[in-house]
Structure formats: structure tokens, C-alpha cells
Amino acid sequence: KQESEKIRIKITSLGLTESRITADETIQQLFVECRLNNFLAEETPLSLPKPTGGQRIHYNYSTVINVDKAHNGAEREYLKSILLKPDLPADSLRFTVVSDPPEDEQDLECEDIGFAYVSLKEIFQKQRDITEQDIDVVDCQDARAVIGKLTVTVEALQALRSVHEECRSA
């Protein structure tokens, strides 16, 4: 597939700052989910032990979200809406840091502990993909509290340019 028909995402690593998350002993393993609007969510195949004291955990996980017209028309239409509707609130890829219960406590649920966002609209406006950039992870219980940094790469510019061309020629 051409670059104009996919969004490439890489989740490199996660570091946590001192917060209720680092203090909570029930939170031991973490994985990261990435979601484009309401479409299929991708998640790191492994949950890793919660990092402590300034350490980072490394996922080095890459995935691709296809946005070709033939098979992923809805995703493509969503990208169009990001470019055409300047006030659309959901213009971002959302990364969710999730607590995975330990093996011996499978009755516990996976729990969202933090969110991080990459604005696709901003990538298009700046005409620049995001490469190995640290983005803030905010506490899901308090959006003002930054609980860590997630290092991500988001290559979406070619796809957004292609969608933009379609909008102009329509």
C-alpha cells in the first residue's frame, strides 16, 4: 500500500512521574492502546512492569492504521472531517495507558490510568510528522495532572495530504 493510504504509529517507551499511579501497588503491569476516533484500537502486545523512579519501559511497538478508500472508507472520511471541520473536537489519535491485572488476580479488570493525544490536524497544519516525541500522559481521573511521558512516532502527513487533495478535487 502507498504511504498515502496508511497512518504509521510507533509506541517506543513510557516513563512515569511520581503520582498516585506510581504509589498504587495494585498497578503493576502496563500496556498502551492507540485509537483513531471510534475505530479499531491497537494495543501493545505485551504489558510491561510499571517503571519506577525515573526509569522507562520500552515497548518498541509499531502498527499501521489503513485509510485506503477501497477497504477503509470510514477512516478516510473521518480524516476528511478533521481537515474540513476546524472545530471538530476529536481530531487526535488517543493513546491510553492501561493497567493490566497481575496473573494471579485475573478477577480484576484492566483499568485506564492515563491518556495522551497526538493531534492529526496539527500534523497537517505544521506539515510535519511526529518522530520519537515525548507526549504528556494525563491522569484519567484528573486531566490537569501529568503522570508521565509516552514516546511516540506518528507518520500521518502523507495520508492527510492525500485526503486533502481529494477534498480539493471533489
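Strands S8 and S9 make a hairpin, with two residues between them. Strands and helices here are DSSP runs numbered from the N terminus, a strand (E) needing at least two residues and a helix (H or I) at least four. Take valine 137, for instance: its bridge partner in S9 is glycine 148.

Before going on, keep in mind that this is a predicted model, in which local features need pLDDT of at least 70 and side-chain atom pairs count only at pLDDT 80 or more, while totals for chains, interfaces and linings use all residues. Residues are numbered from 1 along each chain as its sequence is written, and side-chain values use heavy atoms, with hydrogens and water left out.

Back to S9, which covers residues 142-155 and also pairs with strand S1 (residues 6-16), again in the antiparallel sense and over eight bridges. On that side, serine 13 has threonine 151 as its bridge partner in S9.

Now jump to strand S6. S6 pairs with S2 in the antiparallel sense over eight bridges, and leucine 30 meets serine 99 of S6 as its bridge partner. S6 and S7 pair in the antiparallel sense too, over eight bridges, with serine 92 bridged to serine 119 in S7.

Aspartate 100 belongs to S6, which spans residues 92-100. Its C-alpha atom is 7.0 Å from that of glutamate 111, a residue 11 places away along the chain. Setting aside neighbours within four places in sequence, aspartate 100 is in contact (heavy atoms within 4.5 Å) with Gln29, Phe31, Ser47 and Cys110.

What about the aromatic rings? The structure holds one aromatic pair. The ring centres of phenylalanine 39 and tyrosine 78 are 6.0 Å apart and the planes sit at 70°, so the pair is edge-to-face. For the cut-offs, rings of Phe, Tyr and Trp (its six-membered ring) pair if their centres lie within 6.5 Å; planes under 30 degrees apart count as stacked, over 60 as edge-to-face and the rest as tilted. Phenylalanine 39 is in the loop between S2 (29-36) and S3 (41-43) and tyrosine 78 is in helix H2 (residues 73-84), so the pair ties together parts 39 residues apart in sequence. Both phenylalanine 39 and tyrosine 78 are buried.

That loop between S2 and S3 also holds asparagine 37, which has a positive phi near 50° without being a glycine. Most residues other than glycine have a negative phi. Asparagine 37 is partly exposed, at 25% relative accessible area. Glutamine 127, in the loop between H3 and S8, has a positive phi as well, about 55°, and is partly exposed at 34%.

Terms used
Pairing = 2+ DSSP bridges. Buried < 20%, exposed > 50% of the residue type's maximum accessible area, 1.4 Å probe, protein only.
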